[in-house]
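Subject: Structure handover

Hello,

Please find the structure below. My notes on it follow.

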Amino acid sequence: MLCLGAAGPASAIPRLDLSGYPAPAAGLQRWVIQPSGLLPQSSDPLISAHPIDWRVQLIIGKEVEVDCNNTWLSGPVLSMTRLPQAAGKALFTLSGPLVVMSTRKGCAPDTPRKRSFLTLGQQPFLVPYNASWPIVVDLPQGAELRWRVWKAETKQLEGVQVSAGQTR
């Protein structure tokens, strides 16, 4: 599946070049994000307009049917491999299965079930934004990749310097 960056109607999408990437391992499916170099500018002056300040959040998950129980995904950590034959590009891989975990409380018979996208991990997985390179992710069958762009604020705040003897 190919996920393309959101851009205006007159924008150009860089050519997808996957040369230098090995084929996905058995049981894994390839997902590709090709960020656009022409994202809409923010009207907020506090948000950076410079792609060097942006990050792409990789959101790995699975859409499942859930009931009244608390439900979450469990699985391995996403790994990154630098590809020297691909000019410094990286391949992100999740090599193990995703397991749907749930509490086991009894639900009322009339409680409706619904579809929900469960995400893996509690911390966001951020990679640098670069419209020149695709983001290539190999995931187990049944897993899904979603993404969003994070943009930094332009305002820089100062930290507080503390001497070694000042602890609380």
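Glu144 is partly exposed because its relative accessible area is 24%; buried here means under 20%, exposed over 50%, and partly exposed in between, with a 1.4 Å probe and protein chains only. Its side chain meets that of Arg146 in a salt bridge at 3.0 Å, N to O; a salt bridge is a side-chain nitrogen of Lys or Arg within 4 Å of a carboxyl oxygen of Asp or Glu. Arg146 is likewise partly exposed, at 32%.

Before the rest, the basis: this is a predicted model, in which local features need pLDDT of at least 70 and side-chain atom pairs count only at pLDDT 80 or more, while totals for chains, interfaces and linings use all residues. Residues are numbered from 1 along each chain as its sequence is written, and side-chain values use heavy atoms, with hydrogens and water left out.

Salt bridges

The whole structure holds six salt bridges. Another of them joins the side chains of Glu63 and Arg115 at 3.6 Å, N to O. Glu63 lies in strand S3 and Arg115 in strand S8 (residues 114-119), so this pair ties together parts 52 residues apart in sequence; strands are DSSP runs of E, at least two residues long, numbered from the N terminus. Glu63 counts as partly exposed at 36% relative accessibility, and Arg115 as exposed at 51%. Glu63, Arg115, Glu144 and Arg146 are linked in a network of salt bridges.

Asp138 and Arg30 also meet through their side chains in a salt bridge, at 2.8 Å, N to O. This pair links distant parts of the chain, with Asp138 in strand S10 (residues 135-140) and Arg30 in strand S2 (residues 28-34), 108 residues apart. Asp138 is buried at 2% relative accessibility, and Arg30 is buried at 17%.

Strand S3 and its partners

S3 pairs with strand S11 (residues 144-151) in the antiparallel sense through eight bridges; two strands pair if DSSP finds at least two bridges between them. With S8, S3 forms six bridges, also antiparallel. Four bridges join S3 to strand S9 (residues 125-128), again antiparallel. Gly61 has Glu144 as its bridge partner in S11 and Thr119 as its bridge partner in S8. Val56 stands opposite Val127 in S9.

Gln57

Gln57 belongs to S3 (residues 54-66). Is Gln57 buried or exposed? At 8% relative accessibility, Gln57 counts as buried. Its side chain makes a polar contact of 2.6 Å with the side chain of Arg148; a polar contact is a pair of N or O atoms within 3.5 Å, where within protein one must be able to donate a hydrogen and the other to accept it, and residues adjacent in sequence count only if both atoms are side-chain atoms. A polar contact of 2.8 Å joins the side chains of Gln57 and Trp150. Leaving out residues up to four places away in sequence, Gln57 touches Pro124, Phe125, Leu126, Arg146, Trp147, Arg148 and Trp150 (contact means heavy atoms within 4.5 Å).

Surface patch

Trp72, Val99 and Met101 make a nonpolar surface patch of about 260 Å². Met101 is in strand S7 (residues 99-102) and is partly exposed, at 33% relative accessibility. Patches are made of residues with over 30% relative accessible area and no salt bridge; like charges are joined within 9 Å, and nonpolar side chains (Val, Leu, Ile, Met, Phe, Trp, Tyr) within 5 Å.

Regards

Key. Accessible areas come from the Shrake-Rupley method with a 1.4 Å probe; for residues, only the protein chains shown count as cover.
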